[in-house]
Amino acid sequence: MVKKVKLVLNDRLLKKRARRASFGVRKQCRFTENPELVSEINYKNVDFLKQFLTERGKILSSRISGTHSKYQRLLAVEIKKARAMALLPYNRA
Amino acid sequence: MQTQRYESLILTVPEITNDEATDLERTIEKKLQSVKGSLVAYDRWGKFLLAYQVKKNEYGIYFLARFDVPFEHKADVIKELKQLFDLKYNALVMRHVMCNIPSDAPLSYKRPQSLDEMPKDVDQFLKENKMGGFNQRRRSDRPEEVVTEKIDEQDVVGDAEKEESSEEGQ
């Protein structure tokens, strides 16, 4: 027999919920919102890829840009290809 | 006969001559024709300012080649082409990348703007886009200066009248 466990709303859970709500509206993924943008991810399309780099030339983390992990992986591969061809910098002083 | 389409971006030294560029294209084409493949497109992107120095060069010229290769000869053709870039054209080709693309995809693509396409003359660029530069106010054909001239004339007239009236008084 399976024992049923009731989830008790304790102090810790309430605090967690409050913390999440305090961040406001959650960031949206640009590629899930309009799927046509996915075809733009290409190592030749440097101007588009530049939106996902920091000023220093690092890849912007998905935590900040809100990109879903599926597209973040695609982006990272194409950015690295462009870097190898000297289209994008590895780092910028 | 089933074929696989490939795409290769080649970065060459900035001093490459037209003869060397056509020679590079012809050798790729010959290599493909020997296995009944075909060169679909060969584009010259032009001169670029590189993101970092490659072989002590600040600038470089990009070429994009797209070609079809029969399935049986896929592996050896790619290997031979890579060897060609690395060994025979070692002095010309600085970097190259090869990747396969779907053969039914359209051939159009987006690429960065090269230095040849960029407007060199600042004044001409501003004229074409109808923009004023930093020296906007110094130009003689600005309407602001015409207004100031008018005010000046009125002042001069006013002064002259005053002088006349003062003379009469004396």
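Q: Why is α1(A) said to lie largely in the open?
A: A residue is buried if 20 or more other C-beta atoms, placed from the backbone, lie within 10 Å of its own, exposed if 12 or fewer do, and partly exposed in between. Of the 12 residues of α1(A), zero are buried, so this helix lies largely in the open. Helices (H or I, at least four residues) and strands (E, at least two) are DSSP runs, numbered from the N terminus.

Q: What is the origin of this model, and how are its residues, chains and ligands labelled?
A: This is a predicted model, in which local features need pLDDT of at least 70, side-chain atom pairs count only at pLDDT 80 or more, and totals for chains, interfaces and linings use all residues. Residues are numbered from 1 along each chain as its sequence is written, while chains are lettered from A and ligands numbered from 1 in the order in which they are written.

Q: How confident is the predictor in each chain?
A: The pLDDT is the predictor's confidence in each residue, from 0 to 100. Chain A averages 87, and 100% of its residues score at least 70. Chain B averages 82, with 77% of its residues scoring at least 70. The complex receives an ipTM of 0.71 and a pTM of 0.71.

Q: How does the radius of gyration of chain A compare with that of a compact globule?
A: The radius of gyration is taken over C-alpha atoms, and the globule rule is 2.2 Å times the number of residues to the power 0.38. For 93 residues the rule gives a value near 12 Å, but chain A has 20 Å. Its C-alpha trace spans about 60 × 35 × 25 Å along the principal axes. Chain A has five helices and zero strands.

Q: Why does Asp47(A) count as exposed?
A: Asp47(A) has 11 C-beta neighbours inside 10 Å, and therefore counts as exposed. This residue is placed in helix α3 of chain A.

Q: Which residues touch the most other members of the largest nonpolar core?
A: A nonpolar core is a set of buried Ala, Val, Leu, Ile, Met, Phe, Trp, Tyr and Cys residues joined through C-beta atoms within 7 Å. The largest has 32 residues, of which Ala82(A), Ile10(B) and Tyr62(B) touch the most other members. The largest share of this core, six residues, comes from β3(B).

Q: How many residues of chain A are in contact with chain B?
A: Two residues are in contact if their C-beta atoms, placed from the backbone, lie within 7 Å. There are 13 residues of chain A in contact with 13 residues of chain B. On the chain A side, α3 (46-49) and α5 each supply at least two residues.
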